[in-house]
Amino acid sequence: MILPAVKLGTLALKTICKPIANRLKKEARLHPKFRHFIINMAQANHRFTTRMQRRIYGRSVDAVIRPLDEEKAVQASADLIGELFVFSVAGAAVIFEVQRSSRSEARKEEKRRQEIEAMMQRDEELARETQALKQKLDEVEQLARGRGLGGFKHGNATEDGNGKPG
C-alpha cells in the first residue's frame, strides 16, 4: 500500500517540477547577469568533463579545450539548472520521507517499550499476589494443624495426582 503511494507521489512531484524547471531555464536565458553567470558555469563544467573524459581514455589533459559557443553554454547551463531543481526537490522529498518514517518507527518503538513495561509491572503484581496467597495458605495450614487437621498440606500432598485422597 505504501510503495504505490510513494511511486505516485514521486511521479506527481516530477510532473509538478518539470514546468518550474522549464520556467527557470527560460528566465536563465533572459536575465543578463544570470546569463553571464551560467555561461561561465557551463564553460567550467565543459572543461571539467572534457578533462575527466581525457583522463579516463588515457589522452593528454594538457591540450587546449575549445570553449562552448554562447548559445550551447546557455542551453547546457539551463538544462543543468532545471535538472538540479528537479533533483533538489526529489532529494527534499526523500529526506522528508526518511524523517517521517523514522518518527513513525520511534513512535512504534516507544509503544513497544511501554507495552513491555506494562507487562513487567503486571508480572511484578502477579508475583506479589502469588507471594501473598502463599503466605495466606501457610497461615491456613498452620491454623488447620493447630485444630488437629494434619491431613491438609501445602501442594496437595495427600492426593494421588487424580485429585482423590490417597
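Of the 166 residues in the protein chain, 14% count as buried (buried is under 20% relative accessible area, exposed is over 50%, and partly exposed lies in between, using a 1.4 Å probe and protein chains only). Please keep in mind that this is a predicted model, in which local features need pLDDT of at least 70 and side-chain atom pairs count only at pLDDT 80 or more, while totals for chains, interfaces and linings use all residues. Residues are numbered from 1 along each chain as its sequence is written, and side-chain values use heavy atoms, with hydrogens and water left out.

**View 1. The protein chain as a whole.**

**View 2. T50 in helix α2.** Here we look at T50, which is found in helix α2 (residues 32-56). T50 is buried, at 14% relative accessible area. Its side chain reaches the backbone oxygen of H46 at 2.7 Å.

**View 3. R100 and E97 in helix α3.** These two side chains meet in a salt bridge, 2.5 Å from N to O (a side-chain nitrogen of Lys or Arg within 4 Å of a carboxyl oxygen of Asp or Glu). Both residues lie in helix α3 (residues 70-146), three residues apart, or about one turn of the helix. R100 is partly exposed at 31% relative accessibility, and E97 is partly exposed at 27%.

**View 4. E110 and R113.** What joins E110 with R113? A salt bridge does, with the closest N and O atoms 2.5 Å apart. Because they sit three residues apart in helix α3, about one helical turn separates E110 and R113. E110 has a relative accessible area of 32% and is partly exposed; R113, at 41%, is also partly exposed.

View 5. The side chains of E125 and R122 form a salt bridge at 3.6 Å, N to O. They are three residues apart in helix α3, so about one helical turn lies between them. E125 is partly exposed at 39% relative accessible area, as is R122 at 45%. Salt bridges that share partners also join R35, E70 and E71 into one network. The structure holds nine salt bridges.

How values were computed: Helices (H or I, at least four residues) and strands (E, at least two) are DSSP runs, numbered from the N terminus. A polar contact is a pair of N or O atoms within 3.5 Å; within protein, one must be able to donate a hydrogen and the other to accept it, and residues adjacent in sequence count only if both atoms are side-chain atoms.
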